[in-house]
Amino acid sequence: MSRLLAAALTVAAAAALAVGAALGIVALLDATPDQPNTPLITYEHADQER
């Protein structure tokens, strides 16, 4: 019976650790600031004929 209890506690602890890690990762991803949406290349709109 003690082995079954130890196995059940191990499974419960592993599940709690996995949920905690997932929530921590989500919190870290939400904490990072959004990157600015600036283009690397800009094209000037000239009304010139080529």
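Let's start with L17: it is exposed, with a relative accessible area of 64%. Exposed means over 50% relative accessible area, buried means under 20%, and partly exposed lies in between (1.4 Å probe, protein chains only).

A word on the source. This is a predicted model, where local features need pLDDT of at least 70, side-chain atom pairs count only at pLDDT 80 or more, and totals for chains, interfaces and linings use all residues. Residues are numbered from 1 along each chain as its sequence is written, and side-chain values use heavy atoms, with hydrogens and water left out.

Back to L17. It lies in helix α1. Helices are DSSP runs of H or I with at least four residues, strands are runs of E with at least two, and numbering goes from the N terminus. L17 and L29 are twelve residues apart in sequence and 18 Å apart in space, C-alpha to C-alpha.

Now the helix. α1 covers residues 2-31, 30 residues in total. From first C-alpha to last, α1 reaches 43 Å, close to the expected 44 Å. That expected span is 1.5 Å times one less than the number of residues. How many of the residues of α1 are buried? Zero, so α1 lies largely in the open.

Next, Y43. This residue sits in the segment after α1. Y43 is exposed too, at 66% relative accessible area.

Finally, the whole protein. It has one helix and zero strands. Its radius of gyration (taken over C-alpha atoms) is 27 Å, well over the 10 Å from the globule rule for 50 residues, so the protein is more spread out than a compact globule. That rule is 2.2 Å times the number of residues to the power 0.38. The C-alpha trace spans about 90 × 20 × 10 Å along its principal axes.
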